[in-house]
Amino acid sequence: MFAYTTPLIGGLLIGATAVALLYFLGRIAGIAGIVWGAISAQPDNAWRWLFIVGLICGPVLYHLLAGVPNPPDSPLPWWQAVAGGLLVGFGVKLGSGCTSGHGVCGLGRLSPRSLAATLTFMATGIATVYVIRHLLPGYLP
Amino acid sequence: MKAIIGLLCGIVFGVGLAMSGMTDTAVVLGFLDVSGQWNPDLAFVMGGAVLVTLIAFRFILRMKRPLLNPRFSLPASSVIDGRLLSGAAIFGIGWGVYGYCPGPALAALTYMDNKTAMFVVAMLIGMALANKAAPG
C-alpha cells in the first residue's frame with residue numbers, strides 16, 4: 001500500500017471538516033480562533049465548546065476503531081512543552097491564525113495573507129528544529 | 001443543530017489529526033527537520049486538506065449564506081503587516097520547540113500525558129498575553 005495513505009486520508013478528513021463548518025455555519029475551521037472564541041465568551045458559543053470536546057474525543061475513536069496504538073509520550077522535557085505552548089499561544093493570537101486557520105482554510109480561500117503567514121511559520125518552525133537538533137550540543141532526540 | 005454540527009466537525013477533525021500522525025510530536029518534528037531524517041507525512045496531510053478546501057470553498061463561497069447562519073464569518077483583514085508576520089514567526093518557533101500546533105495539542109490531551117496539558121495551559125496563557133499586549 002502507498003506509504004502515505006493514512007496521512008493523506010487524515011488530511012482529507014481535516015479538509016472535509018473545514019468544508020462542513022463553512023457550509024453549515026459559515027465559519028473558518030481555525031483551531032486558534034475557535035479556542036479563543038470559546039474562552040473569551042463570544043456569543044453563539046455552544047458550537048465552539050462542542051467542537052473542542054469532539055476534537056479531544058476524535059482520537060480516542062480513531063485509535064479504538066483502527067486498532068492503532070496511541071503515539072508515545074514526547075521525550076522532551078516539561079519546560080520545553082511550557083515554552084512551546086507559550087510561544088504557540090502568543091504567536092497564533094498575534095498572527096490571527098494557526099496551521100488550520102491560515103494553512104488549511106486560508107490557502108483554500110486563496111488568501112495572500114494566509115499564504116504569507118503559512119510560509120513564515122513553516123520557515124521559523126524548520127529553522128527552530130534545525131537549531132535545536134543540529135546546532136545545539138547535547139540534543140535529546 | 002449548530003451545536004451538533006460543531007461536535008461532529010470536532011470529532012472528524014480529531015480523527016483526522018490522529019490518523020495523520022499530527023498528534024505525535026515526533027512525526028511533526030520529523031517533518032520540520034528537513035536536514036535530518038525528513039518525515040514527509042505532514043506534506044500529505046496539508047496537501048490533502050488544502051486540496052479539499054481549495055475545490056469546495058469556491059462553490060460554498062458562491063452561496064448567499066451558509067445553511068444555518070445568516071452570513072459567512074470570514075476574516076476581514078487582507079493586509080500583510082508586521083503583526084501578522086511576527087505572530088506567525090513566533091508561532092512557528094513554538095511549533096518547532098515542542099511539535100504541537102493548537103489543534104493537535106488539544107486532540108492529544110486525550111492521551112493523558114501531563115506535558116500536553118502543560119502545553120495547552122501555557123498556550124492559553126500565551127493567547128491571553130498576546131491579547132493584552134496587542135488587543136484586537
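Which residues does A:Gly103 touch, not counting residues up to four places away in sequence? In this predicted model, A:Gly103 touches A:Thr118 and B:Met46. The glycine lies in helix α5 of chain A. A residue is buried if 20 or more other C-beta atoms lie within 10 Å of its own; A:Gly103 has 25 C-beta neighbours inside 10 Å and therefore counts as buried. A:Pro75 is 28 residues from A:Gly103 along the chain, and the C-alpha atoms of the two are separated by 27 Å.

Chain A contains six helices and zero strands, so that its elements, read from the N terminus, run α-α-α-α-α-α. The C-alpha trace of chain A spans about 50 × 40 × 30 Å along its principal axes. The chain has 141 residues, of which 57% are buried. When contacts in chain A with a separation of 6 or more are considered, 44% of them involve residues 24 or more positions apart.

Chain B also has six helices and zero strands, and from the N terminus its elements run α-α-α-α-α-α. Its C-alpha atoms fill a box of roughly 45 × 35 × 30 Å, taken along the principal axes. Of its 136 residues, 50% count as buried. Among contacts in chain B between residues at least 6 apart in sequence, those joining residues at least 24 apart make up 38%.

Within chain A, one helix pair consists of α1 (residues 5-25) and α5 (residues 99-108). Two packed helices are described by the angle between their axes and the distance between the axes. For α1(A) and α5(A), the axes come within 11 Å and cross at roughly 65°. The crossing of α1(A) past α5(A) is right-handed. On the side of α1(A), the residues that meet the other helix are A:Ile14, A:Gly15 and A:Ala18, and on the side of α5(A) they are A:Val104, A:Cys105 and A:Gly108. By class, this contact has four nonpolar, two polar and no charged residues.

The loop between α2 (31-39) and α3 (46-66) of chain A holds A:Ala41, and A:Asp44 lies in the loop between these helices as well. Most residues other than glycine have a negative phi. A:Ala41, although not a glycine, has a positive phi of about 50°. For A:Asp44, phi is also positive, near 55°.

The contact between the two chains takes 95 residues from chain A and 98 residues from chain B. On the side of chain B that touches chain A, at least two residues each are supplied by α1 (2-20), α2 (25-32), α3 (41-60), α4 (82-98), α5 (102-107) and α6 (114-133) of chain B. The largest share comes from α1(B), with 18 residues. The residues on this side of chain B divide into 62 nonpolar, 27 polar and nine charged.

One helix pair across the two chains is formed by α6 (residues 112-135) of chain A and α4(B), whose axes are 7 Å apart and pack at an angle of about 35°. α6(A) passes α4(B) in a right-handed crossing. The residues of α6(A) that make the contact include A:Arg113, A:Ala116, A:Phe121 and A:Gly125, and those of α4(B) include B:Leu84, B:Phe91, B:Trp95 and B:Gly96. The contact of α6(A) with α4(B) has 14 nonpolar residues, six polar and one charged.

Notes: Residues numbered from 1 in each chain as written. Chains lettered and ligands numbered in written order. Predicted model: local features only at pLDDT ≥ 70, side-chain atom pairs only at ≥ 80, totals over all residues. Contact = placed C-beta atoms within 7 Å. Helix = DSSP H or I, 4+ residues; strand = E, 2+ residues; numbered from the N terminus. Nonpolar A, V, L, I, M, F, W, Y, C, P; charged D, E, K, R; others polar. Axes fitted to C-alpha atoms, helices over the stretch in contact; angles between N-to-C directions. Left-handed = near helix turned anticlockwise from the far one by under 90°. Buried ≥ 20, exposed ≤ 12 C-beta atoms within 10 Å, placed from the backbone.
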